[in-house]
Amino acid sequence: MTQEIIIAGFGGQGVLSMGKILAYSGLMEDKEVSWFPSYGPEQRGGTANVTVILSDQPISSPIINEFDIAIILNQPSMGKFEPTVKPGGILIYDPNGVQHPPTRTDIFIYKIAALDTATMMQNSKAFNMIVLGGLLKICPMVDLTHVMLGLKKSLPERHHKLLPMNEQAIQKGMEIIEEVQRPA
């Protein structure tokens, strides 16, 4: 099993954190892991993306040009990364940040209204955990127990009181992800 994933959006959306939590989760399951972040000079508002590879085999390089899964959270990332999804792969997007939905017909496409759901939950910081929940619903590559341990490891101790809310956001993401298209 190898999953090559790109998560892309604006800085401040929790893109890098989502990747880090997936990587920690994979490590806890004795998988081979690569976490390769990339972001512009701006912390918030600039583009950010992270490549995560989870595998049962050694990973030859963290730099890849095609992905099994793309999670796209803004329009600039859609233009850049939609073409990089392998045929038969998965693309997940939040329609709130993407004005022009994906057009490929050879991939699975899912949408997740994570921003709207985070707003309804009155917690904008839950956005990335809602997206992560959607990913884990359609592709359960790591166990939720390890995701929560990875989240605990990545959060400063002063924020551990937020763990139950984050778990609730992950569950919500699992409920609201919608399949839009299967490959033609």
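Trainee: What do the buried residues of α1 pack against?

Mentor: They pack against β1 (2–10), β2 (32–39), β3 (47–55), α4 (127–138) and α5 (144–154). Helices (H or I, at least four residues) and strands (E, at least two) are DSSP runs numbered from the N terminus. This is a predicted model, where local features need pLDDT of at least 70, side-chain atom pairs count only at pLDDT 80 or more, and totals for chains, interfaces and linings use all residues. Residues are numbered from 1 along each chain as its sequence is written, and side-chain values use heavy atoms, leaving out hydrogens and water.

Trainee: Which residues of α1 are buried?

Mentor: V15, M18, G19, I21, L22, A23, S25 and G26. Buried means under 20% relative accessible area, exposed over 50%, partly exposed in between (1.4 Å probe, protein chains only).

Trainee: What is S25 in contact with?

Mentor: Leaving aside neighbours within four places in sequence, S25 is in contact with V142, H146 and V147; contact means heavy atoms within 4.5 Å. S25 counts as buried because its relative accessibility is 0%.

Trainee: New topic: how many aromatic pairs are there?

Mentor: One. F67 and F81 form an edge-to-face pair, 6.5 Å centre to centre with 80° between the planes. Rings of Phe, Tyr and Trp (its six-membered ring) pair if their centres lie within 6.5 Å; planes under 30 degrees apart count as stacked, over 60 as edge-to-face and the rest as tilted.

Trainee: And where do F67 and F81 sit?

Mentor: F67 is in strand β4 (residues 67–72) and F81 in helix α2 (residues 75–81), 14 residues apart.
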